[in-house]
Amino acid sequence: MRPLYIEWETLSRGWRDGDVVSEFILTPGFGLGMADKASAEQDLIIVGGGPAGLTAALYAARAQASPLVLIGEVAGGQAATTQEIENYPGFPDGIGGPALAQQMQSHAERFGAQIQFDSAESVDLGTYPFRVRTRTGEYTARTIVISTGSSPRKLGVPGEARFRGHGVSYCATCDGYFFKDKRVLVVGGGNSAIDESLFLTRLASQITIVHRRDTLRADPVLQERAFKEPKIQFVWSSVVEEILGDQEANAVRVRNVVTGETSTIETDGVFVYIGHVPNTKLFEGQLELDERGYIVTDRRQRTSVPGVYAAGDVQDPIYRQIVTAAGTGSAAAIEAIRFIDQHKYEENTE
Ligand SMILES: Cc1cc2nc3c(=O)[nH]c(=O)nc-3n(C[C@H](O)[C@H](O)[C@H](O)COP(=O)(O)OP(=O)(O)OC[C@H]3O[C@@H](n4cnc5c(N)ncnc54)[C@H](O)[C@@H]3O)c2cc1C
């Protein structure tokens, strides 16, 4: 099969209408080959190819488990959509998100992980071995690591997509440093919005919180800290209608939901904190999820179904960092390997 080569940026932007990618799988070196539609039983299938999934793949591959990684629509996950990462240990000068994701993938492949540019469309965790149906085939697996991540909820207003990474961010812990001594605007009124606004007071010169209600939803202790913070000011009962700018975002148009008046607020950056949506639709009714839809795991990354593990943002409503995703990915793989070994031992001694 003659491989096709495409840019990492093309892979990381995800599938678009008209792309013909479902017939192909990634091969080492980022070439593409025809997908093998045979459904051999796998020891381990990893659903999701972000930092959690790729780290799980590395650990499982080094344990000779030859994991199959269904990388989904966004190769490298959210990390690959981030321009610059400055808080992943080992890279004191920072590293581009696509480059880090590519290195993680190459690292896992070097030890034998099979990376497939394919998405899980349905799973059956009620039978054993488990079944995973994808766009191109069907597989059975002795263990599964779920690392499908979560997606920040979007405002859905004009300018948001255009200025993403150019003044629009969904992660102050990640991007706050780029706004040192600048004015920023935070959208939201829950714990994340207030917590990250307080974090931004270390860096930004002024933080304007735009909230659609006239009271905050955040915990009282966070509210108290925010109200006492001189750098934070509030724009109440208002929604963002448009993000404006040239090369970078430089203002937002807001509408007061009580009076209907619109106004423009100048800013150097917009941080959107209106919630995260874990990518767990596939698992509804099969795994225990919390009230927000995150997969419930114990300290060993075990889910409510033995043999199924979860790692990264899909089970983490709190930290949502590359390093924590990678950490839980490694733990999930170690646990999955133990499970496989135990099962094989029991089968051989029956
Ligand atoms: C704009 C932005 C900037 C950020 N900057 C930083 C930063 O500087 N530092 C930092 O530590 N963190 C940063 N983060 C957070 C960080 O990217 C995430 O915490 C991390 O990527 C989570 O990794 P994950 O593997 O759990 O999930 P994700 O990265 O979300 O990856 C999920 C993967 O699952 C795949 N998938 C989803 N559904 C399916 C399916 N049905 N079948 C197969 N695959 C599927 C996706 O294609 C993707 O590959 C940032 C996040 C954003 C949005």
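Visitor: How do α2 and α3 lie to each other, roughly parallel or roughly perpendicular?
Guide: This is a predicted model, by the way. Helix α2 (residues 51–62) and helix α3 (residues 97–110) pack with their axes 8 Å apart, at an angle of about 20°. Angles under 35 degrees fall in one class, so α2 and α3 come out as roughly parallel.

Visitor: Which residues of α3 meet α2, and which hand does the crossing of α2 and α3 have?
Guide: The crossing of α2 and α3 is left-handed. On the α2 side, the contacts come from Pro51, Leu54, Thr55, Ala57, Leu58 and Ala61. Their counterparts in α3 are Met104, Gln105, His107 and Ala108.

Visitor: What about α2 and α7: is α2 roughly parallel or oblique to α7?
Guide: Helix α7 covers residues 322–349, and its axis is 7 Å from that of α2, at an angle of about 40°. That angle makes α2, relative to α7, oblique.

Visitor: Is the crossing of α2 and α7 left-handed or right-handed?
Guide: The α2 residues that meet α7 include Pro51, Thr55 and Tyr59. Among those they meet in α7 are Ala325, Gly329 and Ala336. The crossing of α2 and α7 is right-handed.

Visitor: On to the open sheet: which strands stand at its edges?
Guide: Five strands make up this sheet, with parallel pairing, in the order β13-β20-β14-β15-β16. A strand with a single partner has one side left without a neighbour in the sheet, so the edges are β13 (168–169) and β16.

Visitor: How many bridges join β14 to β15?
Guide: β14 and β15 run parallel. Within β15, isoleucine 209 stands opposite valine 186. The number of bridges joining β14 to β15 is five.

Visitor: And which residue is the bridge partner of isoleucine 207?
Guide: β15 also runs parallel to β16, and four bridges join them. With α6, these two strands make a right-handed β-α-β unit. The partner of isoleucine 207 sits in β16 and is isoleucine 232.

Visitor: Which elements do the buried residues of α5 pack against?
Guide: Helix α5 (residues 191–200) has Ser192, Ala193, Ile194, Glu196, Ser197 and Leu200 as its buried residues. Their packing partners include two helices, α4 (172–175) and α6 (220–228). Several strands join the list too: β14 (183–187), β15 (206–210), β16 (232–235) and β20 (269–272).

Visitor: Is tyrosine 309 buried or exposed?
Guide: Tyrosine 309 lies in strand β22 (residues 308–310). Its contacts beyond four places in sequence are Val145, Gln301, Arg302, Thr303, Ala332, Glu335 and Ala336. There are 31 other C-beta atoms within 10 Å of tyrosine 309, and the cut-off is 20 or more. So tyrosine 309 counts as buried.

Visitor: How far apart in space are tyrosine 309 and valine 145?
Guide: In sequence, tyrosine 309 and valine 145 are 164 residues apart. From C-alpha to C-alpha, the gap in space is 4.7 Å.

Visitor: Is glutamine 247 buried or exposed?
Guide: Glutamine 247 is in the loop between β17 (238–245) and β18 (249–256). Histidine 166 is 81 residues from glutamine 247 in sequence, yet 7.4 Å away in space, C-alpha to C-alpha. With 8 C-beta neighbours inside 10 Å, glutamine 247 counts as exposed.

Visitor: Zooming out, what share of the chain's residues is buried?
Guide: The chain has seven helices and 22 strands. Of its contacts with a separation of 6 or more, 64% link residues 24 or more positions apart. Among the 350 residues, the buried share is 45%.

Notes. Residues are numbered from 1 along each chain as its sequence is written. This is a predicted model: local features need pLDDT of at least 70, side-chain atom pairs count only at pLDDT 80 or more; totals for chains, interfaces and linings use all residues. A residue is buried if 20 or more other C-beta atoms lie within 10 Å of its own, exposed if 12 or fewer, and partly exposed in between; C-beta atoms are placed from the backbone. Two residues are in contact if their C-beta atoms, placed from the backbone, lie within 7 Å. Two strands pair if DSSP finds at least two bridges between them. A crossover is right-handed if, with the strands pointing away from the viewer, the path from the first strand over the helix to the second runs clockwise. Axes are lines fitted to C-alpha atoms, for helices over the stretch in contact, and angles run from 0 to 180 degrees between N-to-C directions. Angles under 35 degrees count as roughly parallel, over 145 as roughly antiparallel, 65 to 115 as roughly perpendicular and the rest as oblique. A crossing is left-handed if the near helix is turned anticlockwise from the far one by less than a right angle, and right-handed if clockwise.
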